[in-house]
Amino acid sequence: MKIWVDADACPVVIKEILFRAAQRAQLHLCLIANQYIKAPPSPYIKSLQVPSGFDVADNEIVLRASKGDLVITADIPLADEVIDKGCTALSPRGELFTKENIKGRLTMRDFMETLRSSGIQSGGPPPLNQSDRMKFANHLDHIIAKQQNSS
């Protein structure tokens with residue numbers, strides 16, 4: 001299993017959790033972003049900067065991710081695409097996207113997008129809190145343990 005991170009909008013605290021987990025479990029982790037993202041020196045962790053542009057980083061993740069990999073993203077359409085490839089998708093808030101819930105999430109995202117484009121202010125998500133970090137870390141640990149037990 002490799003871990004792919006949609007790193008442009010991934011909070012620093014979540015990246016730090018990922019760095020520690022990749023190092024501890026000796027899993028390859030790749031941060032993909034339109035801008036330079038600093039990664040700690042490690043044989044398991046790398047950063048890939050892609051050209052600027054709409055969905056360039058997302059497309060790179062879809063291209064590189066393989067069945068059984070883990071993708072960290074808050075981007076619902078990206079999560080949908082990687083789930084179709086047989087990957088696991090986890091949001092930085094600790095929400096596990098699955099075949100059972102992703103279509104509903106995609107429908108809600110599209111609905112909210114329609115509201116925003118018609119001028120209705122919906123506000124953004126609340127700031128990441130301690131509960132979100134704990135939920136993320138717990139899901140990550142569970143996914144890694146499951147992968148290591150099946151190897």
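At 13% relative accessibility, Asp132 counts as buried, where buried means under 20% relative accessible area, exposed over 50% and partly exposed in between (1.4 Å probe, protein chains only). Asp132 is found in helix H5; helices (H or I, at least four residues) and strands (E, at least two) are DSSP runs, numbered from the N terminus. Leaving out residues up to four places away in sequence, Asp132 touches Pro92, Arg93, Gly94 and Pro127, with contact meaning heavy atoms within 4.5 Å.

A quick word on what you're looking at. This is a predicted model, in which local features need pLDDT of at least 70 and side-chain atom pairs count only at pLDDT 80 or more, while totals for chains, interfaces and linings use all residues. Residues are numbered from 1 along each chain as its sequence is written, and side-chain values use heavy atoms, with hydrogens and water left out.

Now for the partner of H5. Two packed helices are described by the angle between their axes and the distance between the axes. Here, helix H1 (residues 12-25) packs with helix H5 (residues 130-150) at an angle of about 25°, the axes being 11 Å apart. That makes H1 roughly parallel to H5, since angles under 35 degrees count as roughly parallel, over 145 as roughly antiparallel, 65 to 115 as roughly perpendicular and the rest as oblique. From H1, the contact is made by Val13, Ile14, Ile17, Leu18, Ala21, Arg24 and Ala25, and from H5 by Arg133, Phe136, Ala137, Leu140, Asp141, Ile144 and Gln148. Sort the residues of this contact by kind and you get 10 nonpolar, one polar and three charged. (Ala, Val, Leu, Ile, Met, Phe, Trp, Tyr, Cys and Pro count as nonpolar, Asp, Glu, Lys and Arg as charged, and the others, Gly among them, as polar.)

Next stop, helix H2 (residues 56-64). Its buried residues are Ala57, Asp58, Ile61 and Val62. Look down the axis of H2 and these buried residues fall within an arc of 140°, so they line one face of the helix. What do they pack against? The buried residues of H2 pack against strand E1 (2-6), strand E2 (28-33), strand E4 (70-72) and helix H3 (76-84).

Finally, the loops. Asp55 sits in the loop between strand E3 (45-49) and H2, and has a positive phi of about 65° although it is not a glycine. At 30% relative accessibility, Asp55 counts as partly exposed. Gln26, in the loop between H1 and E2, is also a residue other than glycine with a positive phi, near 55°. Gln26 is exposed, with a relative accessible area of 53%.

Definitions and conventions
Axes are lines fitted to C-alpha atoms, for helices over the stretch in contact, and angles run from 0 to 180 degrees between N-to-C directions. The arc is that of the directions from the helix axis to the C-beta atoms.
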